[in-house]
Amino acid sequence: MKYLDEYRDPVLARKLMAEIHRVTTRPWTLMEVCGGQTHTIVKQGIDELLPEGVRMIHGPGCPVCVTPLEQVDKALAIAARPDVIFTSYGDMLRVPGSATDLLALKARGADVRIVYSPLDALKVALANPDKQVVFFAVGFETTAPANAMAVWQAQQLGVDNFSILVSHVLVPPAMMALLGSPSNQVQAFLAAGHVCAVMGWTEYEPIAERYHVPIVVTGFEPLDLLEGILMAINQLEAGRAEVENQYVRAVRREGNRLAQETVFRVFEIGERKWRGIGEIPSSGYRLKPAFARYDAEAKFDVGDIHTQEHPACIAGAILTGERTPLDCTAYGTLCHPQKPLGAPMVSSEGTCAAFYAAGRGIGVPARPLAMAAPAATNAPTTPIEGAAR
Amino acid sequence: MCLGIPGKVMEVREEAGLPMGRVDFGGVRKEACLAYVPDVKPGDYVIVHVGFAISQVDEEEALRTLELLDQMGDLVQQELATMGPGMSAPAVLDDPVAGSAPPQRGGLAS
């Protein structure tokens, strides 16, 4: 596929990795805040091939994973109602709530449907005027333009049986919460390319300056990530702390103005709770008062649900990078993709699920940086000498 | 869910007041809302995320990135050639371009 395969070229990847080794003189700790990037890094074994002492922490970049348990419980309470068709992105269906999950609820007869786009949820509402159709509006800045457009269209078309359960989070406040924490280890960030495609990168400039931390807007393919890591390390080695853009082919400094306009027509910034992190001020979106009738929490009176995590799950420490899945006693035993205890194991973009899919800590040999290359019988099984940690 | 994928716009039309398009992802075709990239034409590449095109791919930049990466790779090869075997920090890689080095059980050999 054009614009994918070229950025998976193993020969170029080797060259980039060599350049990273050449410029690195000290240990550095970098964080990516995007589930898609985490998936590529872990799947390709990029983190295991970095110079000794250079560490990638996988930050809270998976929207499914940071959606608080009580929002999942609210979704379950709404979806269980006989007058409701509950619609959601597929990833949310297996996220465990306190007692069950949406998929199990569906198996017991609830009308729960997966949609690819929130506009499809709106179509379901138009086709079922006698039902209440609710869409689970989760995600970062990337899904906000789509979710906002669904609400905007509902208003334009006069659709009253449509509402959304909002669980929208924003990347920059989470970065600041991490940087302001006394246990912070992050020295540079890879910013999520598609979040910046929507929002641009102006809001990262004060963060880079205030915390003296390099931030590199980075794409999702192996070569993008390697180049993003290289650009961040070049800054660290030179003592610079700027916002740079690796993902030039898709991101402009001002972002997508039209998308931002629609988002801020429908949403306003408010406090949000993050699973595993807690409440962060001004860290998410909520519906503006003018769109209150599309707010499912108010419509179905579920605002008062509060819940607790499974005691064995260390999702919070994993999301903030203090621990890895390999530190978790439940990883691969009590908790696996078929029976996830916590959110990072549920979504394929979650850190635990990415580790599990790559066979880490469950006895499957690694195949670092194999990428799109054809499978060879003498497939590499260990990282290169001198590069392994 | 959070993954955005580049695809080629095949056709553009309007539906319920919104510009919509059919986008080809390496043979798989899907509907996408084009409201946020109103200037795209059939043949353009866009990044699609949850059914919405959020950005048009800049083809010139896409090619330039690849060229830069390739050039930098040559610099690396030159640099590597000047390094002695005793250096501990940089990794010593086998060189697939020269084709002379024996295949290693190395992670970068693929």
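Two exercises with worked solutions follow.

The model is predicted; local features need pLDDT of at least 70, side-chain atom pairs count only at pLDDT 80 or more, and totals for chains, interfaces and linings use all residues. Residues are numbered from 1 along each chain as its sequence is written, while chains are lettered from A and ligands numbered from 1 in the order in which they are written.

**Exercise 1.** Determine how H1(A) and H12(A) are oriented towards each other.

*Step 1.* Helix H1 (residues 10–23) and helix H12 (residues 222–238) of chain A have axes that come within 10 Å and cross at roughly 15°. Helices (H or I, at least four residues) and strands (E, at least two) are DSSP runs, numbered from the N terminus. Axes are lines fitted to C-alpha atoms, for helices over the stretch in contact, and angles run from 0 to 180 degrees between N-to-C directions.

*Step 2.* H1(A) and H12(A) are therefore roughly parallel to each other, a term for angles under 35 degrees.

**Exercise 2.** Describe the open sheet of six strands in chain A and identify its edges.

*Step 1.* The strand order is S4-S3-S5-S6-S11-S10 (chain A), with mixed pairing. Two strands pair if DSSP finds at least two bridges between them.

*Step 2.* Strand S4 (111–114) and strand S10 (267–274) of chain A stand at the edges; each has a single partner strand, so one side of each lacks a neighbour in the sheet. From one strand to the next, the twist averages 25°.

*Step 3.* Strand S3 (residues 84–88) and strand S5 (residues 132–139) of chain A run parallel and are joined by four bridges. Phe86(A) has Val134(A) in S5(A) as its bridge partner.

How values were computed
Parallel < 35°, antiparallel > 145°, perpendicular 65-115°, else oblique.
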